[in-house]
Amino acid sequence: MATAEKVIKPDFGTRKRHFIFTEEHDRLRESIGSFVERELAPHAEEWERETFPNWVFKRMGELGFLGLSYPEEYGGQGGDYYCNIVLAEEMTKANCGGLAMGIAVHTDMATPPIHLFGTEEQKQRYLVPAIKGEKISCLGITEPDAGSDVAGIRTRAVRDGDEYVINGSKTFITNGHRADFIVLVTKTDPDAGYDGFTLFLVDLNTPGVVREKKLEKLGMHASDTALLSFQDVRVPAENVLGEVGKGFYHIMWELQGERLIGAAGCVAGAQRVFDRTLQYALERKAFGREIGHFQVIRHKFAEMATKIESARQMVYATAWRFQNGEYPVREISMAKLHASRVAVEVADECIQIHGGAGYMKEYGVERVWRDMRLNRIGAGTDEIMLEVIGRSYGL
Ligand SMILES: Cc1cc2nc3c(=O)[nH]c(=O)nc-3n(C[C@H](O)[C@H](O)[C@H](O)COP(=O)(O)OP(=O)(O)OC[C@H]3O[C@@H](n4cnc5c(N)ncnc54)[C@H](O)[C@@H]3O)c2cc1C
């Protein structure tokens, strides 16, 4: 029976598990979280300077974290999509956005198309070693002259007997310097519109692949970002990934998972910087009291918490639909748009609450802002998300 005491006492302190997660996800969270805190987070500063080392892939492969939702027959853990959400969330504990991004590109961007569209032989050759962390992957969509406008890419693959000859360039490619292979978006028939694109699996040590300079960035310093060029690169026809001519549709599918995982990382990152800043606001004093007790600051926290919670609910509800076989492109775009904006707003407000300390590298809050800022651009800009959402209403 509900007693008066129970009814009137709000349980602010309880952290109830969201309904999409089970006890098994809790255990996974615990094991990824403690690994990240013990083995990755201590290196965050060093990796900000020199990018994170390749052994991270090997180690995460050994622990089974690179194939959480892939079938056991390929070395995966056979889990559901929510396991990938847990990974994205727990990786934020490394305090190293570039590291989280490098891993997410491998687990949730470059390898899912191999699992869904790849032949058995391709899965054995690329997916199995990728899950073990023995081969590192990257994804090549963006080019110097085409990013948002994916259909405007110019990288050409021309059939020549049993091979294709590839020419073109890709830019801003995460993991591009360290990767063993790339999932490459090309045009095979420039006159066929959306039916003229084809994906390829290209080994990056193939003659004609040039890894140009490492690109310098505002944030995400622990990740490597490459400009790649392909000069008469010969690839066997069996390296076509999926159907010839269907690459545009394949990559649009890939982008949905990429966006949802990105959104989950944004929510978790925002929550982390919120928590740290809350602690700061309860300790830092001005005018004789803790700054968190000024109404203005209290309201900043209230605003931030409300925004984070709204983004979290969008991500989880959309993940539930995705896991249950729907293809909720509109909601994924909304979740990506909202979560990345929230993360940037929260990081910005946390800098403000830290005052001068927020501007100092020592406190790591400015880094969260610099890292998070990418999310409003990468995997489809805010403006492109608004286009997808707007057009979904027939406009
Ligand atoms: C650090 C980093 C890592 C990345 N990693 C990868 C990766 O691993 N693989 C990969 O393929 N790509 C990667 N990208 C590329 C990223 O996805 C693109 O930068 C992004 O899609 C935007 O493309 P763009 O840079 O060419 O901008 P543009 O397309 O040139 O856009 C410029 C501006 O115009 C706006 N705009 C464009 N079209 C429209 C429109 N129709 N309506 C309204 N506004 C519009 C955009 O929103 C933006 O504000 C990465 C980018 C960065 C910065």
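Tutor: Asn95 lies in the loop between helix H5 (81-91) and helix H6 (97-110), where helices (H or I, at least four residues) and strands (E, at least two) are DSSP runs numbered from the N terminus. The model is a predicted one, in which local features need pLDDT of at least 70 and side-chain atom pairs count only at pLDDT 80 or more, while totals for chains, interfaces and linings use all residues. Residues are numbered from 1 along each chain as its sequence is written.

The phi of Asn95 is near 55°, a positive value in a residue other than glycine. Most residues other than glycine have a negative phi. Asn95 is buried, because 24 other C-beta atoms lie within 10 Å; a residue is called buried if 20 or more other C-beta atoms lie within 10 Å of its own, exposed if 12 or fewer, and partly exposed in between, with C-beta atoms placed from the backbone.

A second residue of this kind is Asn175, which is not a glycine and yet has a positive phi of about 75°. Asn175 sits in the loop between strand S3 (163-174) and strand S4 (181-187), and it counts as buried because it has 27 C-beta neighbours inside 10 Å.

Ile261 is found in helix H9 and is buried, since 26 other C-beta atoms lie within 10 Å. Leaving aside its neighbours within four places in sequence, Ile261 is in contact with Asn84, Ala88, Ala104 and Asp108, contact meaning that the C-beta atoms of two residues, placed from the backbone, lie within 7 Å. The C-alpha atoms of Ile261 and Val315 are separated by 8.7 Å, although these residues are 54 apart along the chain.

Val315 is also one of the residues with the most contacts inside the largest nonpolar core, which has 108 residues and in which Phe200, Val202, Val267, Val346 and Ala347 are likewise among the most connected. Such a core is a set of buried Ala, Val, Leu, Ile, Met, Phe, Trp, Tyr and Cys residues joined through C-beta atoms within 7 Å. Helix H9 (residues 247-283) gives the most to this core, with 15 residues. Apart from neighbours within four places in sequence, Val346 is in contact with Ala270, Val273, Phe274, Met304, Lys307 and Ile308.

Helix H13 (residues 365-373) is mostly covered, with seven of its nine residues buried: Val365, Glu366, Arg367, Val368, Trp369, Asp371 and Met372. The cover over these buried residues includes H6, H9, helix H11 (329-354) and helix H12 (356-359). Val128, in helix H8 (residues 120-132), counts as partly exposed because it has 18 C-beta neighbours inside 10 Å. Val128 touches Tyr74, Gly75 and Lys123, not counting residues up to four places away in sequence.

At the level of domains, whose bounds come from an automatic or database assignment, the protein is given domain 1 (23-135), domain 2 (138-245) and domain 3 (249-391). The contact between domain 2 and domain 3 takes nine residues from each, and the side of domain 2 that touches domain 3 divides into six nonpolar, three polar and no charged residues. Here Ala, Val, Leu, Ile, Met, Phe, Trp, Tyr, Cys and Pro count as nonpolar, Asp, Glu, Lys and Arg as charged, and the others, Gly among them, as polar.

Domain 2 and domain 3 both give residues to the shell around the ligand, so the ligand lies between them. Of the 24 residues around the ligand, Ile141, Gly147, Ser148, Thr381 and Glu383 come nearest, a residue being near if its C-beta atom, placed from the backbone, lies within 6 Å. Strand S1 (137-140), S3 and helix H14 (382-391) are the elements that give two or more residues to this shell, and by class the shell has eleven nonpolar, nine polar and four charged residues.

For the protein as a whole, the secondary structure comes to 14 helices and ten strands, and buried residues make up 46% of the 395 residues.
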